[in-house]
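These are my notes on the model, for use alongside the sequence and the structure.

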Amino acid sequence: MDFGVGDWVEVLDESIRGKVEEIVGNSVTIITEDGFSLKYETAELIPVKNEIQVSNFEAAQIKAQKETPKKQPKKRSKTKERNAPKMEVDLHIHHLVKSTKGMTNFDMLNIQLETAKRRLDFAISKRIQKIVFIHGVGEGILKEELKYLFNKYDNLRFYDADYQKYGLGATEVYIYQNP
């Protein structure tokens, strides 16, 4: 106990300040600044020094600010668009046919474009909003032919797919469901 009768004290965990009126054992009676007489245990009180004073109310506010967790970013309601898994179509020729033996580059390109058109029509009919066509980097001929194919459709938009996942060898197509 660092205080005596006549000293100013503040109550821990409450914004009450008062002057010590009586000390009996561990029980201390204080008179608040508003004139109320209250009894507390000595462990519940702290002396008020002549230094810079911060009331318990202010201290509680500072403590609450420190203890409140950082605001978590609001979780947006996940729309159908964000929930819908992307359909991936790998147009590498070795994924489409067992063997390319005897095929010309023109034949391989036509198989790739037919596959792309078939999968795009399937996605439109099944209301799949996003498709990623994996075409590889190469010389860019397949990519250009895909752009030409996609431009024939009014209800879609296409752009390079996620670079971190696919690199430069993929195009993502977003299909507008209500054109």
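1. Helices (H or I, at least four residues) and strands (E, at least two) are DSSP runs, numbered from the N terminus. This is a predicted model, in which local features need pLDDT of at least 70, side-chain atom pairs count only at pLDDT 80 or more, and totals for chains, interfaces and linings use all residues. Residues are numbered from 1 along each chain as its sequence is written, and side-chain values use heavy atoms, with hydrogens and water left out.

2. H4 gives the most to the lining of the largest pocket, namely 5 residues. Helix H3 (93-96), H4 and H5 each supply at least two. A pocket is an open set of points on a 1 Å grid over the protein atoms alone where a 1.4 Å probe fits, with protein on both sides within 12 Å along at least five of seven lines; lining residues have an atom within 4 Å of a point.

3. The largest pocket holds about 360 Å³ of space, the volume being that filled by probe spheres set on the points. Leu109, Gln112, Glu139, Ile141 and Leu142 are the closest to its centre among the 17 lining residues.

4. Arg127 lies in the loop between H4 and E7. Phi of Arg127 is near 60°, a positive value in a residue other than glycine.
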